[in-house]
Amino acid sequence: MSLVSSGHVCTFRISIRSICAIVIPPLIFIVGSLCSSSEGTNDAFTLDSIRQSLVRQEDTIIFSLIERAKFPINSATYDASPSSLVHGFPGSLLDFVVRRTEAVQAKAGRYENPEELPFLLTTLPHPLVPRHNYPQVLYPAAASVNVSKTILDMYIQQLLPLFTAEGDDGNYASAAACDLACLQALSRRIHDGRFVAEVKFRDAPEDYEPLIRAKDRDALMKLLTDEKVEEIVKERVRKKAMIFGQEVSLNDTDSKGNYKVDPSVVSHLYAEWVIPLTKLIEVEYLLRRLD
Ligand SMILES: O=C(O)C(=O)C[C@]1(C(=O)O)C=C[C@@H](O)C=C1
């Protein structure tokens, strides 16, 4: 389930949008909203629909961790020193795989979707494919809030050692491909905080506007926080990790308690990083929402 896959906007509207995009960014937001809402696409963005998408993304995140856990930590993959694995490339093997894959995916149109953000590419190659008209839901001045670097550092330095075995089996390229899948799934989930914030703002502008004008981060954080929902999310991902990651055996007694990724690590990932970073994105987005 994707948040922004259903934009069907006629050619006439595209050209109006493209012109506005060049002239005044805030204007494109208004035009984009009008175009979308006249077709009902923007109406699909409710807190419930976004939460459903976040729930579905839990599956993607957990399965990607399970895939990465097939390999040991393979530390050489992350060595960015001059003697790193990729001859002539200034960075680690993971950097190499991420940069080159993101370049190909940019050409294939991945980053046209406002839900997708690259990790390492600052200048993206132009897509070589026809444009898809994604609904313009985000406020342009706020859409660029980004914690990709924090996600990358957290993943390599803190998360990987928690769910991979120690050791080195030489499968660096395969491990890096799995890493990228994990990183993209986490990034999408966390940066979807922009959509959550947009919907919360639209639902209660009278509550948010004074706090935004006062740049009151703490009050914004408090207002957007729903502790009950957070508890449910942490418990649900733990349960999903138990179900998705169990060893399946025809003999019931064989598989008890063996999980491909420790369910408490998945719950910890959400408690320590996914939810707090989503909330950080929400606050940062809101702070730019009236620019
Ligand atoms: O569902 C929301 O309202 C969100 O803002 C998302 C989220 C989360 O990351 O899961 C973050 C903050 C809320 O306290 C609850 C949940």
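**Burial and overall fold**

I began with burial: 47% of the 291 residues of the chain count as buried, where buried means under 20% relative accessible area, exposed over 50%, and partly exposed in between, with a 1.4 Å probe and protein chains only. The model is predicted, and local features need pLDDT of at least 70, side-chain atom pairs count only at pLDDT 80 or more, and totals for chains, interfaces and linings use all residues. Residues are numbered from 1 along each chain as its sequence is written, and side-chain values use heavy atoms, with hydrogens and water left out.

I then listed the secondary structure, which comes to 12 helices and 0 strands; helices (H or I, at least four residues) and strands (E, at least two) are DSSP runs, numbered from the N terminus. Among contacts with a separation of 6 or more, 75% join residues 24 or more positions apart, contact meaning heavy atoms within 4.5 Å.

**Helix H12**

I looked up H12, which covers residues 263-287. Its 25 residues reach 35 Å from first to last C-alpha, close to the expected 36 Å; the expected span is 1.5 Å times one less than the number of residues. I found 19 of the 25 residues of H12 buried. At the start of H12, a side-chain oxygen of aspartate 262 comes to within 2.9 Å of the backbone nitrogen of serine 264.

**Helix H11**

I turned to H11 (residues 227-244), whose 18 residues reach 26 Å between the end C-alpha atoms, close to the 26 Å expected. The buried residues in H11 are Glu230, Val233, Lys234, Val237, Lys240 and Ala241. They lie on the same side of H11 because they cover an arc of only 130° around the axis, the arc being that of the directions from the helix axis to the C-beta atoms. These buried residues pack against helix H3 (47-68), helix H7 (172-191) and H12. The face turned away from the buried side carries the exposed residues Lys228, Ile232 and Lys239.

**Cysteines**

I searched the whole structure for disulfides and found 0, the criterion being a pair of cysteine sulfur atoms within 2.5 Å. The sulfur of cysteine 178 has its closest cysteine sulfur in cysteine 182, at 6.8 Å, which is too far for a bond. Cysteine 178 is buried at 13% relative accessible area, and cysteine 182 is buried at 1%.

**Loop residues**

I checked valine 145, in the loop between helix H5 (140-143) and helix H6 (148-163). Valine 145 is buried, with a relative accessible area of 5%. Leaving aside neighbours within four places in sequence, valine 145 is in contact with Leu117, His191, Arg194, Ile281, Glu284, Tyr285 and Arg288.

Asparagine 74 has a phi of about 50° and is placed in the loop between H3 and helix H4 (93-107). Lysine 215 has a phi near 50° and is found in the loop between helix H9 (205-213) and helix H10 (217-224). Asparagine 74 counts as buried at 0% relative accessibility, whereas lysine 215 counts as exposed at 62%.

Conventions
Polar contact = N/O pair within 3.5 Å; in protein donor to acceptor, adjacent residues only side chain to side chain.
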